[in-house]
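Please look through the sequence and the model below before reading on.

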Amino acid sequence: MINYILLVSRQGKVRLAKWFTTMPSKAKAKIIKDVTQQVLARRTRMCNFLEYKDTKVVYRRYASLFFVCGTGSADNELITLEIVHRYVEVLDRYFGNVCELDLIFNFQKAYAILDELIIAGELQESSKKSVLRVVTQADTVEEQENAENTMARLGSRSGPLM
Amino acid sequence: MWERTLKDLIRGLRANKKDEPKFIAKAVDEIRSEIRSDDMDLKAGAVMKLTYLDMMGYDMGWASFHVVEVMSSSKYHLKTVGYLAAAQSFQQDTDVLMLTTNLLKKDLSSNPADVAVTLNSFSSFVTSDLARDLSPELVGMLNHSRPHIRKRAILAIYRVCEKYPDAMTSARPRLEEKLDDNDTSVVAATVNVLCELAKRNPKDYLTLAPRLFHLLNTSSNNWLLIKIIKIFGSISPHEPRLVKKLQTPITDLISTTPAISLLYECVHTCIIGGMLQGPGGNSLAKLCASKLAAFIQDPDQNLKYIALLAMTKIVPSHPHLVAEYQDTIIASLNDQDISIRMRALDLVSAMVNRSNLQSIVQQILSHLVPEALPKPSAAQSLSQNMTSSTPITTSLAPNQSAAYRLVLSQRILSICSQNTYQYVMNFEWYLSVLVDLAHIANIDIGGDIRDHLVDVVGRVKAIQPFAVKVMQALLADDSFILNANDKGSCSEVLWAAAWICGECPEYVSEPQKLITHMLKPEISNLPPDTIAVYIQAALKIFGFWAADLAEHWQDDYLPTVKSTAGLVMTHVQEFTGNFHVEVQERAAEVLQLFRFIQADLQNFQPHGSSQDLPDEVVGGFDVPSAEPHFPKSLYLIRSLTAAYTLNPVAAAAQASVPVPDGLDLDAWIVPPPQEDLSEESVDRKKKKSKKGKEKERDDIKRSGKKKRKQEDNNNLAVLAPTEAEVETETETERAERERRKAERLAQLREDPYYIIDDKPSKPAAIDVDSIPVVKLEGMGSLLPSVKENWLSSLKSTVQATTSSHFVVDREGEMPGGSGSPIVQPSPQRVATPVSFQDRSADTRTHTPEPIQVTRTKKKGTGKKRTPNPPAPS
């Protein structure tokens with residue numbers, strides 16, 4: 001199973017951090033720091049696997065972002081890479097040619113998509129289509145609710161707040 | 001009333017990179033007020049901003065309650081914000097989690113969208129309490145009408161069972177039903193969960209094998225297949241029939257699947273599932289090995305990595321299959337990628353055998369050679385260019401890393417010494433490797449090298465002449481002494497060098513010169529334990545040399561001996577004031593012995609006039625011959641240091657020494673002070689007893705190191721009165737001591753901070769002082785067998801293996817892998833030396849060529865690679 005997924009920029013900034021194991025925040029911070037350092041030190045043309053303590057780190061770079069997964073040492077490295085790739089594909093479809101800024105400004109969406117793909121460190125849905133369907137449905141609900149909200153505000157006050 | 005949205009916050013952060021903390025402090029202040037607002041939208045916006053800051057490492061624990069508020073919002077999009085914040089920020093000990101139970105129950109029975117969000121987040125922050133309270137709901141949801149809820153519930157139930165194992169009983173039957181679900185993603189989720197569970201208790205899941213086997217044969221979903229194969233990897237070691245049954249489908253999959261990840265999983269399962277051992281396993285193993293070999297040569301580094309990883313697991317059972325690809329594998333040691341190198345290193349160490357040890361070790365050693373040397377880097381770059389076009393500088397970077405160098409160094413030592421040098425054919429070569437390693441390692445591994453040097457020389461007698469030669473050179477080399485205080489100088493090898501020369505003085509070619517080297521003032525730069533060994537070794541070398549001279553005495557020797565003795569005395573004198581007690585003691589000891597010798601030399605009249613020699617000077621010693629024509633004291637030291645031969649002792653030797661009757665290890669050596677009642681004194685006592693143990697160990701170690709009795713009759717004389725004193729201890733004193741001891745024990749029993757041994761202390765409290773320590777030297781008073789064992793074991797501790805002195809040794813370490821030893825009336829004397837002889841015979845027969853190799857290496861490490869060029873194809 002996957003223990004954590006990090007998205008780290010080339011400058012070492014964390015763009016997303018999802019933990020599937022319970023751990024004190026200090027330990028998390030240490031792992032983020034150490035693993036980021038190790039991953040950033042890697043060069044192109046090296047393999048996508050690292051060892052960190054007893055765990056394995058599978059990472060892949062997409063444009064300016066590193067997608068980093070921590071897994072158990074007995075897990076299949078290649079399938080973890082596939083999962084990462086699947087995530088990137090869904091992000092790409094959702095945002096349409098996704099870039100780092102999309103993820104920065106819509107970080108909650110990045111989390112939501114990840115939640116649709118992986119729960120409790122296990123892949124829950126391998127179909128891109130169904131993941132996208134759920135996420136866009138949620139967007140529709142949000143729009144509706146926002147619209148209702150605006151209407152309500154218009155009704156209760158003389159005008160919108162801003 | 002302008003509130004900052006998340007977008008504004010992020011923009012602000014990007015615009016204020018220089019004083020980020022200040023900007024964030026301001027933002028958090030705003031958030032604090034916003035989050036208290038009654039407007040749920042505003043509150044949710046604040047929580048969202050906090051979640052973002054939390055990701056950057058700023059704590060949001062203080063806002064937990066507000067997060068729960070947002071979670072309870074009736075609007076879906078606000079609820080998601082709340083649940084996201086909860087999943088990201090709640091810890092196991094977050095107190096507001098107690099408040100969420102009912103909220104979660106409500107949301108889990110709400111509309112499907114809410115349920116989905118709740119399940120996603122719940123699986124992140126579930127605690128054991130929540131797991132207990134919500135497990136009935138979750139188990140019920142395993143049968144939810146919608147597949148996308150079912151699969152979430154399945155995955156969430158895994159986390160619940162982790163936190164609250166009792167939930168498993170109710171969840172397990174339903175979970176198994178889900179294997180037959182008509183939605184594939186539900187089946188996949190179930191298999192995922194079962195895979196994790198089966199990893200923990202494989203035996204519990206053997207019953208699932210038929211259903212999984214059916215899935216294996218019918219499914220074409222690779223995600224699913226990989227996990228099923230993985231489950232079989234966990235459970236098949238517990239069911240031999242399964243192994244047989246799986247061979248066909250797995251072989252099919254391996255030969256046909258285009259998906260490398262699946263192929264890899266199959267190969268991996270074959271290996272860990274024990275499918276390569278049974279009938280038909282060989283062809284499967286061949287298939288696996290050939291697939292893996294293709295991966296190793298693949299330009300894709302990832303495949304290379306997993307191939308090396310998997311091969312390491314095949315090696316133990318099918319070494320010959322992997323050996324075919326040895327060259328490729330060794331070439332991978334030069335990969336620029338540290339991950340691949342480490343895997344290759346593991347694999348290579350697993351592959352080591354008698355014939356390839358030397359080339360492999362030299363290959364590893366070459367990685368430690370400083371990069372300034374042009375040759376290896378050139379060769380390396382050459383091999384590098386064959387596989388990739390990365391510049392040399394990057395390819396060599398890993399060699400600089402201290403951690404990597406340490407791993408390499410340790411690996412060299414461990415592969416050479418495994419199973420007591422099972423694979424080392426040529427010990428001269430091995431010694432040279434050790435010395436080279438000490439020179440080039442530049443990492444803190446000197447202590448290990450020292451131990452290995454001592455061990456090899458102790459076990460392999462035939463190597464001693466060569467060892468002494470090499471060690472003499474090492475002792476004459478000032479570079480170690482100069483760098484002794486640097487990190488990674490490996491100056492500990494000097495300890496071994498001195499020890500070896502001292503133990504085998506017969507092979508020292510120029511004793512006088514060596515003694516001068518060993519006692520020059522610069523050695524004060526070395527660590528104290530090394531200095532102590534230096535002094536001791538110098539004494540032994542002198543002793544041997546002097547006795548040697550005495551055997552063919554000519555009167556012209558006299559000035560030389562006198563001057564050398566004088567030299568020793570002057571130098572040793574300086575160490576009698578040394579800060580470290582061990583050095584001081586040794587120095588003082590040596591000095592006294594030499595005063596004695598000097599006096600004898602002064603009194604010695606050449607031309608046979610030594611009858612004048614005052615008898616009492618030499619009288620105490622049992623000099624072998626009373627020939628008058630040489631100074632008798634020349635034999636003094638050798639008789640002290642060479643009384644016993646040096647042999648390694650079996651590992652179990654110490655344990656086999658019976659504790660002598662009446663030896664109470666818990667008794668005080670020095671009775672504790674009377675006012676023993678305060679806590680303070682308990683502390684002191686603990687310390688004291690520890691000190692006692694320490695001292696004892698030290699004693700053992702020392703006699704072990706020296707391996708020979710160096711306490712002379714003088715010492716015995718000094719010790720004897722102590723014994724007498726103990727004997728004279730009156731009855732009343734003893735009773736008094738007993739009483740105090742009992743009192744103290746009672747005291748300690750009351751003390752909650754002190755754990756006492758329940759075992760009643762031995763009744764006859766004959767104290768330590770009265771037993772062996774003294775009699776050891778005195779001899780004769782103990783039973784002979786006991787005494788002998790004792791002595792040998794005392795000698796053992798440093799050396800730890802095969803002695804020719806008692807029964808256990810034979811059983812102890814049999815280096816060459818010889819079978820069960822012959823049991824004879826005095827078997828110890830036969831068994832182990834035989835294997836030594838074997839070894840040395842081996843050494844002899846193999847020496848000529850490999851030694852050449854060593855020589856070239858020693859002259860210029862750059863040439864080391866010549867015997868085994870990397871030759872990547």
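Predicted model: local features only at pLDDT ≥ 70, side-chain atom pairs only at ≥ 80, totals over all residues.

Residues are numbered from 1 along each chain as its sequence is written, chains are lettered from A and ligands numbered from 1 in the order in which they are written, and side-chain values use heavy atoms, with hydrogens and water left out.

**Chain B overall**

- Chain B has 44 helices and zero strands, where helices (H or I, at least four residues) and strands (E, at least two) are DSSP runs numbered from the N terminus.
- Of its 873 residues, 53% count as buried, meaning under 20% relative accessible area with a 1.4 Å probe and protein chains only.
- When contacts (heavy atoms within 4.5 Å) are taken between residues of chain B at least 6 apart in sequence, 71% of them join residues at least 24 apart.
- The accessible surface of chain B, by the Shrake-Rupley method with a 1.4 Å probe, comes to about 39,000 Å², and 54% of it belongs to carbon and sulfur atoms.

**Helix pairs in chain B**

- Helix H20 (residues 338-351) of chain B packs with helix H24 (residues 402-421) of chain B at an angle of about 10°, their axes lying 11 Å apart; axes are lines fitted to C-alpha atoms over the stretch in contact, and angles run from 0 to 180 degrees between N-to-C directions.
- That angle makes H20(B) roughly parallel to H24(B), a term for angles under 35 degrees.
- Residues of H20(B) including B:Ile338, B:Met342 and B:Leu345 meet residues of H24(B), among them B:Tyr404, B:Leu408 and B:Ile415.
- Helix H6 (residues 100-108) of chain B and helix H7 (residues 112-125) of chain B pack at about 140°, with axes 8 Å apart, which makes H6(B) oblique to H7(B).
- From H6(B), B:Leu104, B:Asp107 and B:Leu108 meet residues of H7(B) that include B:Val115, B:Leu119 and B:Phe122.

**Paired strands in chain A**

- Strand E3 (residues 49-52) of chain A runs antiparallel to strand E4 (residues 55-62) of chain A, joined by four bridges, and A:Tyr52 has A:Thr55 as its bridge partner in E4(A).
- These strands, E3(A) and E4(A), form a hairpin with two residues between them, and A:Lys53 in the turn has a positive phi of about 50°.
- E4(A) is also joined by seven bridges to strand E5 (residues 65-71) of chain A, again antiparallel, with A:Val58 opposite A:Cys69 in E5(A).
- In the hairpin of E4(A) and E5(A), A:Ala63 takes a positive phi near 50°.

Terms used
Buried < 20%, exposed > 50% of the residue type's maximum accessible area, 1.4 Å probe, protein only. Parallel < 35°, antiparallel > 145°, perpendicular 65-115°, else oblique. Pairing = 2+ DSSP bridges.
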